[in-house]
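Ready for some practice with a protein and its ligand? Work through each exercise yourself before you read its solution.

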Amino acid sequence: MDRIALIRELMNKKNLTNYLEIGVFNGRVFFRIESTFKIAVDPSFAFDYLRKMGKILINPYNLFNRYIEKKSDDFFAEDAPRLFANRKCNLSLIDGMHEYEFALRDVENTLKYLSDDGIIIMHDCNPVTKEEACPFEEWKAKGFKGQWNGDVWKTIMHLRAFRDDINVFVLDFDQGLGVITRRKPENRLAISRDDLHRFTYEDFDKNRSHWINLKPAAYYKEYFNV
Ligand SMILES: C[S@@+](CC[C@H](N)C(=O)[O-])C[C@H]1O[C@@H](n2cnc3c(N)ncnc32)[C@H](O)[C@@H]1O
């Protein structure tokens, strides 16, 4: 099981149509989604015109793709109001800049356009080593080598502590897939903003299951009734 299988199953079984992916890279996930309304956002796509054409042959839904080559903040400021003027977003994969505040803005901006039954999936929420959770500058200094999850676990914690209008949990597969829906929170975290800024990877490692509301992989079937 991975994020591609999860997203495809949810879109298919819940009849979700409008898909938004923030952070697309080479389109490994994006090109495989079957929907007539798909938006790809990335400041630097890792594919060219030929790959796009090839992907239309493999999956004809790719004919309708919208490619927005810019940072997500600029997309939400300049394009999202127009693209979502007459429709809502049904499922979004947030997988761009893996830093707490960046990912938080992506979630909060996406929520403005999300349908009532919409689903946000956020990748990389459960880093299993300190190295994978290092700050972006450190990962860059290492030459972008190795798996990088960043500190989006703090984004999950922030949402669990400070939003009472969404339910948030993390599925325990594919580096931790955060799931955010407009439902009553199952439980809340009693922490302050100062706590959150102070917490280290070591603190997270001792408390991860509770802090990010970690669920076994199969939980999504029960939660979404699929
Ligand atoms: C881990 S890759 C995405 C992988 C892809 N979603 C997948 O599942 O295969 C992260 C991507 O985020 C992009 N990115 C970095 N900063 C971003 C930002 N501010 N807004 C949107 N995308 C960003 C990078 O260019 C990179 O292509």
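**Exercise 1.** By class, how many nonpolar, polar and charged residues does the shell around the ligand have?

Before the solution, a note on the model: it is predicted, local features need pLDDT of at least 70, side-chain atom pairs count only at pLDDT 80 or more, and totals for chains, interfaces and linings use all residues. Residues are numbered from 1 along each chain as its sequence is written, and side-chain values use heavy atoms, leaving out hydrogens and water.

*Solution.* Step 1: sort by class, where Ala, Val, Leu, Ile, Met, Phe, Trp, Tyr, Cys and Pro are nonpolar, Asp, Glu, Lys and Arg are charged, and the others, Gly among them, are polar. Step 2: count, and you get six nonpolar, three polar and five charged residues.

**Exercise 2.** Find which backbone atoms lie by a nitrogen atom of the ligand.

*Solution.* Step 1: take G23, where a backbone N or O atom lies 2.7 Å from a nitrogen atom of the ligand. Step 2: turn to S72, whose backbone N or O atom is 3.0 Å from a ligand nitrogen atom.

**Exercise 3.** Classify the ring pairs F30–F31 and W153–F204.

*Solution.* Step 1: recall that rings of Phe, Tyr and Trp (its six-membered ring) pair if their centres lie within 6.5 Å, with planes under 30 degrees apart stacked, over 60 edge-to-face and the rest tilted. Step 2: the structure holds 20 aromatic pairs. Step 3: F30 and F31 have ring centres 6.0 Å apart and planes at 70°, so this pair is edge-to-face. Step 4: for W153 and F204 the centres are 4.5 Å apart and the planes at 25°, so this pair is stacked.

Technical notes:
A polar contact is a pair of N or O atoms within 3.5 Å; within protein, one must be able to donate a hydrogen and the other to accept it, and residues adjacent in sequence count only if both atoms are side-chain atoms.
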